[in-house]
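Look at the sequence and the fold shown here before reading on. The paragraphs below go through the structure part by part.

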Amino acid sequence: MSTEPENLMVELDESACWGLLRSAEVGRLAIVVDRRPEIFPINFVVDHATVVFRTAGGTKLDWGAGRDVAFEVDGYEPDGGVAWSVVVKGLAREVKGMYEALDALELPLFPWHTSAKPHIIRIEPDQVTGRRFPVADRPARHPVREG
């Protein structure tokens with residue numbers, strides 16, 4: 001008989017993944033810059049099964065728009081001791097059409113940084129995956145000894 005704990009990780013269906021994405025405000029955008037992975041925290045909003053964020057000119061626009069990206073959000077539910085993670089993979093494209101841009105400007109998306117963020121990027125997923133799992137008990141932290 002095995003003494004290993006049962007794997008209680010649960011794969012989430014796409015509907016549950018979108019629900020968790022809608023509950024979050026900040027995620028991480030993963031892109032490749034000069035053949036190296038880069039990760040950027042961004043605030044975002046879900047719109048019609050896509051992820052929308054705003055950005056200034058620079059790395060996210062230059063290396064993300066028009067390319068495949070990954071976007072990840074995770075969370076922790078302390079009452080149940082459960083954590084979750086959702087990953088969206090797909091094409092990031094800059095919103096350029098007038099009507100789509102006007103619609104996107106109406107979304108409740110408010111960049112935290114005060115600099116101008118005139119570019120709207122929409123990630124159109126081809127894959128949405130997620131999982132939920134109980135958080136393992138961990139030992140209490142001990143204070144660092146000086147001396």
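What follows moves from the whole chain to single residues.

This is a predicted model, in which local features need pLDDT of at least 70, side-chain atom pairs count only at pLDDT 80 or more, and totals for chains, interfaces and linings use all residues. Residues are numbered from 1 along each chain as its sequence is written, and side-chain values use heavy atoms, with hydrogens and water left out.

The protein has three helices and eight strands. Here helices (H or I, at least four residues) and strands (E, at least two) are DSSP runs, numbered from the N terminus. Read from that end, the order is β-α-β-β-β-β-α-β-β-α-β. Of the 147 residues, 34% are buried; buried means under 20% relative accessible area, exposed over 50%, and partly exposed in between, with a 1.4 Å probe and protein chains only. A contact means heavy atoms within 4.5 Å. Among contacts with a separation of 6 or more, 71% are between residues 24 or more positions apart.

Strand β5 covers residues 51-55, and four of these five residues are buried, so the strand is largely enclosed by the rest of the structure. Two strands pair if DSSP finds at least two bridges between them. β5 pairs with β4 in the antiparallel sense over two bridges, and V46 stands opposite V51 of β5. The hairpin of β4 and β5 has four residues between the strands, and H48 takes a positive phi near 50 degrees there. β5 is also joined to strand β8 (residues 119-134) by five bridges, again antiparallel. In β8, I123 is the bridge partner of V51.

Which parts does the pair of F44 and F71 tie together? F44 lies in the loop between β3 (36-43) and β4 (45-46) and F71 in strand β6 (residues 67-77), so the pair links parts 27 residues apart in sequence. Rings of Phe, Tyr and Trp (its six-membered ring) pair if their centres lie within 6.5 Å; planes under 30 degrees apart count as stacked, over 60 as edge-to-face and the rest as tilted. The rings of F44 and F71 are edge-to-face, at 4.9 Å centre to centre and 75 degrees between the planes. F44 counts as buried because its relative accessibility is 6%, and F71 counts as buried at 0%.

Helix α3 (residues 98-105) contains L102. Is L102 buried or partly exposed? L102 counts as partly exposed because its relative accessibility is 46%.
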